[in-house]
Amino acid sequence: MRSCSGNLYMNKRAGKGEAYEPTCHEQLANTASHGIAIIPSLIALRWMIDASHRDLQHAISWVFGIFTTILFLTSTLYHGCEWMFRPKFSKLRYYLHIIDRAAIYFFIAASYTPWLMLRDCGPTGANLKWSIWLFAILGIVYQYNFHERYKSLETFLYVVIAAGPAFAIFTIQDRSGLPIMLAGGLVYMLGVVFFKMDGIIPFAHAIWHCHVLVGAFLQYVAVYTALLGPDKNNPFPDLSAPGVPIVS
Ligand SMILES: [Zn+2]
């Protein structure tokens, strides 16, 4: 483990084309702030599965829960290795960083999936169901090839992929749960401000992580309270249609 020396709370802002180097304390905060969410996200996954009444709810709970857990896990692994090993194992840290960033794309797709699959969003939503995963894969391909090369473009891509589908969500007929879901989205967007503040305010990245924690919590609450359980008000697929299996 490297020794903590030099600045404790913040380093110099990175120059153009350079990566910000967090202080030892910042890296520890980055690791802890997502590490604390791994177990709770697994518990939330369990609760969502228990609250699922249909096969589709069950599958969606897995998708949403697993990709959220993976987000916190990969982030903790990446920041933990930065904290423990920097400047050694540069290749390992490089690939863990790409995996950390890739997990965000899948997390975004997984966060929209419950709403697009369990609510009727009309034709726009029908197309977004699969295209949001395609965008996630394209984002990951971009991330792999141009990792950290055009940082502002990278952030812009995240914001577009994260905020764009929200417009389709407005076409949902049944809007119960949407205010909490959108509040979660706004918390993420507010967090992006801090994502860009490394070297300007101390612990900026850990503050961004805290926004992700709160945003993810609100998404869980919205999905759990509005989309799971018996949902007679959202017959999508139509529960009364013949041949639709109902898991109880
Ligand atoms: Zn991070």
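Helix α2 covers residues 38-51, which makes 14 residues. At 1.5 Å a residue, the helix should span 20 Å. The model is a predicted one.

The buried residues of α2 are Ile 38, Ser 41, Ala 44, Leu 45, Met 48, Ile 49 and Ala 51. They cover an arc of only 160 degrees around the axis, and therefore lie on the same side of α2. An α-helix has 3.6 residues a turn, so residues three or four places apart point the same way. The other side of α2 carries exposed residues, namely Ile 39, Arg 46 and Trp 47. The cover over the buried residues of α2 includes α1 (24-35), α3 and α9.

Helix α1 holds His 34. This histidine is buried, at 3% relative accessibility. A polar atom of the His 34 side chain lies 3.3 Å from the backbone oxygen of His 209. Leaving aside residues up to four places away in sequence, His 34 touches Phe 72, Ser 75, Thr 76, His 209, Val 212 and Leu 213.

His 209 is also a donor of the zinc ion. The protein donors are the NE2 atoms of His 79, His 205 and His 209, and they lie 2.1 Å from the ion. Along the chain, the donors follow the spacing H-x125-H-x3-H. His 79 belongs to helix α3 (residues 55-85), and His 209 belongs to helix α9 (residues 204-226). The pair therefore ties together parts that are 130 residues apart in sequence. His 79 is buried, with a relative accessible area of 4%. His 209 is buried too, with a relative accessible area of 2%. Both values fall under 20%, so both residues count as buried.

Helix α3 also contains Thr 74. The relative accessibility of Thr 74 is 12%, and this residue counts as buried. Its side chain reaches the backbone oxygen of Leu 71 at 3.2 Å. Not counting residues up to four places away in sequence, Thr 74 is in contact with Ile 99, Asp 100 and Ala 103.

Most residues other than glycine have a negative phi. Phe 89 is not a glycine, yet its phi is positive, at about 50 degrees. Phe 89 sits in the loop between α3 and α4 (90-118). Phe 203 is likewise not a glycine, and its phi is positive at about 60 degrees. The loop between α8 (178-195) and α9 is the place of Phe 203. At 23% relative accessibility, Phe 203 counts as partly exposed.

Met 117 is part of helix α4. With a relative accessible area of 25%, Met 117 is partly exposed. Met 117 and Ala 59 are separated by 58 residues in sequence, and their C-alpha atoms are 10 Å apart. Thr 124 is part of helix α5 (residues 122-146). Its relative accessibility is 42%, and Thr 124 counts as partly exposed. Thr 124 and Ala 168 are 44 residues apart in sequence, while their C-alpha atoms are 6.0 Å apart in space.

Residues 178-195 are 100% helix and 0% strand. The end C-alpha atoms of residues 178-195 lie 25 Å apart. Residues 207-227 are 95% helix and 0% strand. For residues 207-227, the end C-alpha atoms lie 29 Å apart.

Note on methods: Residues are numbered from 1 along each chain as its sequence is written. This is a predicted model: local features need pLDDT of at least 70, side-chain atom pairs count only at pLDDT 80 or more; totals for chains, interfaces and linings use all residues. Side-chain values use heavy atoms; hydrogens and water are left out. Helices (H or I, at least four residues) and strands (E, at least two) are DSSP runs, numbered from the N terminus. Donors are N, O and S atoms within 2.8 Å of the metal (3.2 Å for Na, K and Ca); water is not among the atoms, so sites may look incomplete. Buried means under 20% relative accessible area, exposed over 50%, partly exposed in between (1.4 Å probe, protein chains only). A polar contact is a pair of N or O atoms within 3.5 Å; within protein, one must be able to donate a hydrogen and the other to accept it, and residues adjacent in sequence count only if both atoms are side-chain atoms. Contact means heavy atoms within 4.5 Å. The expected span of a helix is 1.5 Å times one less than its number of residues. The arc is that of the directions from the helix axis to the C-beta atoms.
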